Amino acid sequence: MLITGIKSRPVYDELTPMASGLRHVAAAQGSGGEPLLRLLGEMDPAQLAATTVLYSIESFTGRNHLADLKKHQVRDLFVFPTNAEAVRGLDTVLATAQMGTRLYLSGSEGFIGTSMQVATSYGMNRDEVLREHAGSFVRRVWCAHCGHYSENVTRRVFQCPGCERNLVVRDHYSGRLAAFQGVKADGEVPGELPEDEELDT
Amino acid sequence: MPAIPTPTGFTLDETYTPEGEYRFQNSREAVRRLPFPFPDDEYMYSMNLEPHVPAGDGALRAAFDIDEHYVSECAHRAQMLRDMPGVHYLALPHMLEAQWDLLELIFESYNRDFPEHFTLTKNGNEWRWQNRLLGIDDSFTFGDPATLPMDPMEYATRQAQGEFVVLEERDNTLVIGAGMTTQRADYSLQFNLGMNFSEFHGPVPKLDKMGILDRALKFLLRMKPGHPVRRVNWSLTVNPRLETSVETLPDWAPDRAKVTAENAGEMVHLRIELQPLHRLPRSNAIVFPVRTYLVSLAELVEHAPDWAKRVHRALASLDHELADYKGFHRYHAAAVEWLSQHDDGAPLATGYPWYPDGIQPGNS
């Protein structure tokens with residue numbers, strides 16, 4: 001057994017307008033549209049006019065909030081077909097961001113985590129960023145043995161597409177890699193797998 | 001390159017890998033000088049921090065201990081760094097000041113504690129470093145990375161026993177900023193880099209419940225330069241394998257299934273971790289060194305029979321969740337059964353062996 005007794009997970013915030021912000025950048029994915037809509041609803045017109053929204057319609061649960069997002073009078077609304085493209089879009093937006101920019105992230109853990117990697121690369125501090133989890137708790141998993149990243153992992157035990165080993169997902173999350181840790185599930189005796197389960201249900 | 005004279009008292013051809021057939025053993029002296037980590041018959045997880053002042057004439061005499069395995073351990077480090085670049089040594093970009101702090105701390109300590117092997121000569125910022133055990137004689141400018149062949153931390157820790165994790169203080173917590181970790185016990189530096197104190201302790205069971213983490217962090221944040229503290233920790237490892245990282249788990253975990261009550265004495269090694277923590281003066285970072293000692297259960301019985309009895313009792317009464325966390329659930333019973341043949345149940349002293357009344361190795 002490799003996993004009993006291990007307890008850790010990112011702690012998320014609730015999106016709410018940061019009064020100290022001069023510019024606001026809000027990036028969301030799928031179900032993350034819901035907290036994003038709540039955030040925009042709490043902003044005053046001046047804040048909305050200083051807000052850039054990025055939204056990815058890729059969703060594990062099939063939720064799409066684009067129609068409602070379009071009803072808000074924000075400065076810019078950029079829409080992306082995939083989460084990876086939205087994260088690249090965030091990189092482009094932050095590249096020209098000025099002091100006083102505040103960042104809001106919502107959606108899956110993988111989306112929030114990879115967006116945080118971008119924010120960190122621009123030196124943004126945690127007190128300049130709010131993160132709210134939304135939707136299913138699918139995980140992004142890093143294979144400790146081959147380095148492959150698997151998106152949307154839902155089972156405790158799965159096969160790594162990179163090295164084809166059976167991996168067990170440890171409840172241990174790295175903000176730097178924006179992923180949970182996957183290690184060989186039958187490391188001690190080949191074929192002797194730990195009990196599989198659905199993650200976080 | 002000048003020929004390196006063979007130092008006496010050092011074993012040069014040891015290996016810590018299956019490819020090298022685990023050619024490793026301890027002399028009687030090496031066993032009896034260990035920082036033996038079991039003060040009581042019953043083991044309880046605790047921070048057990050104490051001032052890191054010289055104690056006894058064993059592993060706690062120096063600020064950073066070296067022993068007969070120094071040369072072979074440095075060679076093993078070089079091999080691991082060559083085999084898996086970017087996995088065992090990492091430093092975040094803003095850690096350079098802390099790197100120089102650490103180089104100074106290690107070199108000054110070695111120079112003071114082992115003058116027969118190391119000499120540090122300072123002329124302002126122009127430093128000369130002589131390491132006679134590894135045949136190194138280098139001059140460089142302290143604070144100027146261009147005068148060294150690699151990062152200051154990598155340069156210094158390639159010449160040091162034990163692993164080194166540098167923690168930076170940020171927002172009232174300690175964050176992993178750099179590490180030289182070729183001897184990791186089942187964790188990943190790539191994964192843990194950038195984590196704060198509670199995040200990297202996340203997998204340790206029971207810690208939070210006991211409030212130990214909060215108290216330890218508060219204590220560490222109050223640390224001042226020049227007042228190091230230490231603790232000892234331990235685990236078990238199958239074979240004398242130093243590198244047991246998460247990354248290479250497929251290579252070493254199968255060995256855990258090979259232990260039996262018959263072979264446990266040779267296969268199972270007590271893995272002792274001496275952790276002398278220092279606050280670094282310029283960067284205000286804290287260095288968390290893990291000096292790892294491996295000793296087989298059979299070597300303990302042969303050279304330190306009272307310590308073997310103590311290990312038997314501590315393991316026999318160990319909490320299952322801790323055995324699971326430390327990774328020896330599968331062969332826990334086999335190790336206890338093998339040790340039981342060497343425990344007559346006689347009462348043993350309590351306290352660490354570096355204290356006058358503490359448990360001594362005993363005589364066989």
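**Figure 1. Open three-stranded sheet of chain B in the predicted model.** The strands follow the order β3-β4-β5 (chain B) with antiparallel pairing (strands are DSSP E runs of at least two residues, helices H or I runs of at least four, numbered from the N terminus; two strands pair if DSSP finds at least two bridges between them). Because β3 (118–123) and β5 (136–141) of chain B each have a single partner strand, they form the edges, and one side of each lacks a neighbour in the sheet. From one strand to the next, the twist averages 10° (angles run from 0 to 180 degrees between N-to-C directions, with axes fitted to C-alpha atoms, for helices over the stretch in contact). Residues are numbered from 1 along each chain as its sequence is written, and chains are lettered from A, and ligands numbered from 1, in the order in which they are written. In this predicted model, local features need pLDDT of at least 70 and side-chain atom pairs count only at pLDDT 80 or more, whereas totals for chains, interfaces and linings use all residues (pLDDT is the predictor's confidence in each residue, from 0 to 100).

**Figure 2. Pairing of β3(B) with β4(B).** Six bridges join β3(B) and strand β4 (residues 126–131) of chain B in the antiparallel sense. B:N131 in β4(B) is the residue opposite B:F118.

**Figure 3. Helices α4(A) and α5(A).** The axes of α4 (residues 83–95) and α5 (residues 109–121) of chain A come within 10 Å and cross at roughly 25°. The two helices are therefore roughly parallel to each other (angles under 35 degrees).

Terms used
Parallel < 35°, antiparallel > 145°, perpendicular 65-115°, else oblique.
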